[in-house]
Amino acid sequence: MKPIPVKTIGAALLALFLGAARAADTVKVGVLHSLSGTMAISETSLKDVLLFTFDEINKAGGVKVGGKPYMIEPVVVDPASNWPLFAEKAEQLLVKDKVSVVFGCWTSVSRKSVLPVFERDNGLLFYPVQYEGEELSKNIFYTAEAVNQQAIPAVDYMLGEGKKKFYLLGSDYVYPRTTNKILKQYLKSKGIPDSDIEEIYTPFGHTDYQTIVASIKTFSGGGKACVISTLNGDTNVPFFKEFSNAGLTSENCPVVSFSISEDEFRGLPAKALAGHLGCWTYFMSIKSPENAKFVGDFQKWLLAPKVTGTDYTVAGVDPKGRVTCSPMNLSRMGVHLWKQAVEKADSFEVDKVRVALVGQKFKGPAGEVVMQENHHLVNTAFIGETLPTGQFKIIKTIKKVAGEPFSAKFLGAN
Amino acid sequence: MKSSDYISAPPGTGNPARREPWVVAFIAVLGLVVLPLMNGAVPEGSAFHLSTFQLGVFGKYLCYAVLALGVNLLWGQTGILSLGQCLFFALGGYALGMHLMLMIGKLGQYHADIPDFMVFLEFPKRYPSSGGLPPHWIPFRNPLFAMVAVVAVPAIVGAAFGWLAFRSRIKGVYFSILSQALTYAATLLFFRNDFTFGGNNGLTDFKTVLGYDVNLPSTKRALYIASAVLLLLVYGFCRWLTTTKFGLIQRAIRDSENRVLFSGYATAHFKLFVFVMAAVIAGLGGALYVPQVGIINPSDMGTDKSLEAVVWCAVGGRGSIVGPILGAIGVNALKSYATHSYAEQWPYFLGILFILVTVFLPDGLVGIPARIRSIASRLRPAAQPTEPTPPAAP
């Protein structure tokens with residue numbers, strides 16, 4: 001348990017009384033991430049990086065519309081990992097607070113829950129976490145990795161390494177199911193027979209991986225096999241423990257995980273995963289001046305978090321052992337792209353910003369991203385090898401991968 | 001002596017029974033007529049206008065209040081603490097949700113005749129004869145069948161579980177644990193994509209209810225009014241039940257089940273009947289909840305949600321009939337407010353509230369007037385000299 005933040009509660013109350021006086025014009029934006037409940041461990045980091053980005057933009061003069069600067073004023077709500085509450089909070093942000101844009105959601109089910117709300121009230125949502133695709137709403141911009149920006153590059157890499165057998169292991173929910181379905185079709189098109197593809201799902205919170213690891217061991221007998229893992233959260237710990245107990249290593253059977261980023265390693269033992277692979281459009285270890293600035297500025301901001309130019313009081317930020325990861329980078333990309341689009345459209349109106357967003361470019365930590373007409377980014381994909389420190393060593397870079405939500409389109413092209 | 005002489009008000013309350021019909025009538029008019037009029041008839045921009053969003057949120061609270069009444073019927077009136085009531089709430093929700101899913105038609109992402117999740121899970125391969133629709137989904141095309149299922153499915157599941165549990169004389173904390181296990185098992189089952197109910201994502205993106213667009217303010221208003229009517233009916237039913245002989249036996253079971261048993265009553269049958277009633281009430285609440293919030297998924301039947309419902313009853317005052325309604329609406333309104341205004345701190349606020357209520361208000365919010373009266377009566381003779389407190393033992 002965290003200690004009760006007496007100071008921040010006091011500061012919040014004080015701000016409430018003093019809140020009337022304010023200098024510059026502001027534009028309200030919503031932050032819709034779970035700060036309590038099961039998803040809080042992942043989503044709180046996204047809330048932090050969003051507030052950091054607002055501060056970053058405000059410090060540089062805010063968002064300029066009609067020749068006037070507007071400071072970004074966050075409206076942070078807590079949908080508490082409760083999917084119906086996500087819909088209620090989304091509507092509250094759009095209808096009551098009249099925010100210009102919302103940044104939020106992690107799980108697919110939360111996005112599915114708010115999608116009708118954003119379409120009904122004509123809102124604008126930026127979604128930053130790798131997902132299964134098969135969806136395209138005119139009111140949502142997906143800075144997230146689509147399947148062809150994460151899973152397909154990873155499988156291509158494995159094929160290039162001479163792997164011929166694929167064990168698809170995932171938690172039983174829509175993202176692994178859809179990803180694996182697409183991968184199976186893709187692998188078939190690359191000449192991998194059905195008999196060399198295994199597809200297994202385990203329930204949430206599953207801990208007993210003995211049987212599964214035993215079957216992986218048999219499957220990987222010839223040394224030509226790899227595991228493509230979409231296992232979620234905590235279940236990775238018993239899986240990888242069992243995996244190394246059975247004498248399997250990244251040498252004889254590498255595992256590529258799609259759901260483990262640097263931020264997850266704050267809660268997972270990285271040593272058990274060392275040598276195994278990850279695939280994202282961003283790693284904290286990227287060497288670029290933009291990334292050095294992003295990581296450095298964020299670490300500095302964590303020590304004295306505030307949103308310049310507003311009377312919003314930042315609370316509940318833990319500065320210890322913080323890292324950056326792909327969903328965090330993509331959250332930040334979303335804010336910058338939105339700011340540029342607003343300035344291009346010279347308006348906060350959703351219909352105008354939506355048009356202006358298409359074609360927006362931003363040079364981020366992982367290279368330049370471009371927002372396409374299909375509301376997904378052209379981005380760079382990286383394959384990384386897990387280090388015992390919880391960081392990734394980049395072993396392959398695939399430039400300019402255009403995100404495509406509908407698998408029928410990119411599978412057809414192959 | 002009439003049996004109604006035994007009908008005691010909840011412990012601690014005075015005699016507000018004579019005032020109660022007026023209070024209820026006033027609140028019913030406010031909830032059923034004034035609020036919808038403020039939404040539909042008062043023009044937007046007026047200070048008295050109630051937004052459709054706000055009305056929708058109220059509608060959700062009313063469904064929670066229905067669920068809380070069911071919990072109270074079991075816990076407050078009969079002494080059976082079920083920690084799995086949300087299972088029945090969700091089953092009712094799923095039953096109506098299935099119908100709403102089938103009514104989406106070709107408006108989904110894939111423009112197919114079957115719900116989207118059935119397309120990407122390749123159901124047409126599994127169920128080729130029905131175009132991908134699992135056989136148990138087919139009758140849900142009929143809205144009447146769905147409405148019957150809203151009542152029947154929770155009733156059947158409740159009856160089966162209740163029969164096994166009460167017949168084996170499982171009581172008290174053991175029953176609570178079993179009911180929790182049941183709803184947990186059901187959650188895991190519904191999470192599975194192979195179980196054909198949409199897995200983790202559940203059922204969502206509904207377009208129409210009985211042919212009306214779910215997004216229209218008038219539809220939302222109608223759903224709100226339906227929830228208010230349902231709550232009023234369930235309230236009336238629970239109220240009426242306390243005045244009957246059945247209600248008397250209920251309370252006798254609560255206070256001393258063995259005595260009732262040895263008096264020759266088959267308590268298991270009474271308990272089973274109450275359990276099934278509570279399940280049906282929960283199912284009805286769930287069915288109206290789903291079109292209003294737009295989603296039903298396995299997390300809605302989780303153990304934590306069922307525990308929340310018990311907390312509403314405790315906060316409002318279990319045993320009384322108004323208490324659970326007050327608790328459900330009050331706690332959820334507070335949650336709605338705090339998750340917006342104090343996004344980072346609200347769990348502390350709510351936690352402190354629950355601790356304060358359990359420590360200082362064992363009868364919940366409805367117990368406050370009696371509490372004040374008892375404190376006042378204790379203060380009056382306070383003029384008498386008080387004995388010095390003995391020193392604490394070393």
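The structure is a predicted model, in which local features need pLDDT of at least 70 and side-chain atom pairs count only at pLDDT 80 or more, while totals for chains, interfaces and linings use all residues. Residues are numbered from 1 along each chain as its sequence is written, and chains are lettered from A in the order in which they are written.

Chain A is divided into domain 1 (6-145 + 287-376) and domain 2 (147-284 + 380-412), with bounds from an automatic or database domain assignment. The C-alpha centres of these two domains of chain A lie 29 Å apart. Their contact (C-beta atoms, placed from the backbone, within 7 Å) takes 27 residues from domain 1 and 24 residues from domain 2.

The contact between the chains takes 38 residues from chain A and 32 residues from chain B. On the side of chain A that touches chain B, H3(A) gives the most, with nine residues; helices here are DSSP runs (H or I, at least four residues), numbered from the N terminus.

The largest nonpolar core has 215 residues. Such a core is a set of buried Ala, Val, Leu, Ile, Met, Phe, Trp, Tyr and Cys residues joined through C-beta atoms within 7 Å, where buried denotes 20 or more other C-beta atoms within 10 Å of the residue's own. Among the members that touch the most others are A:Ala90, B:Ala65 and B:Ile281. Helix H11 (residues 267-293) of chain B gives the most to this core, with 16 residues. Domain 1 and domain 2 of chain A both give residues to this core, so the core lies between them.

Note on methods
A residue is buried if 20 or more other C-beta atoms lie within 10 Å of its own, exposed if 12 or fewer, and partly exposed in between; C-beta atoms are placed from the backbone. Helices (H or I, at least four residues) and strands (E, at least two) are DSSP runs, numbered from the N terminus. Two residues are in contact if their C-beta atoms, placed from the backbone, lie within 7 Å.
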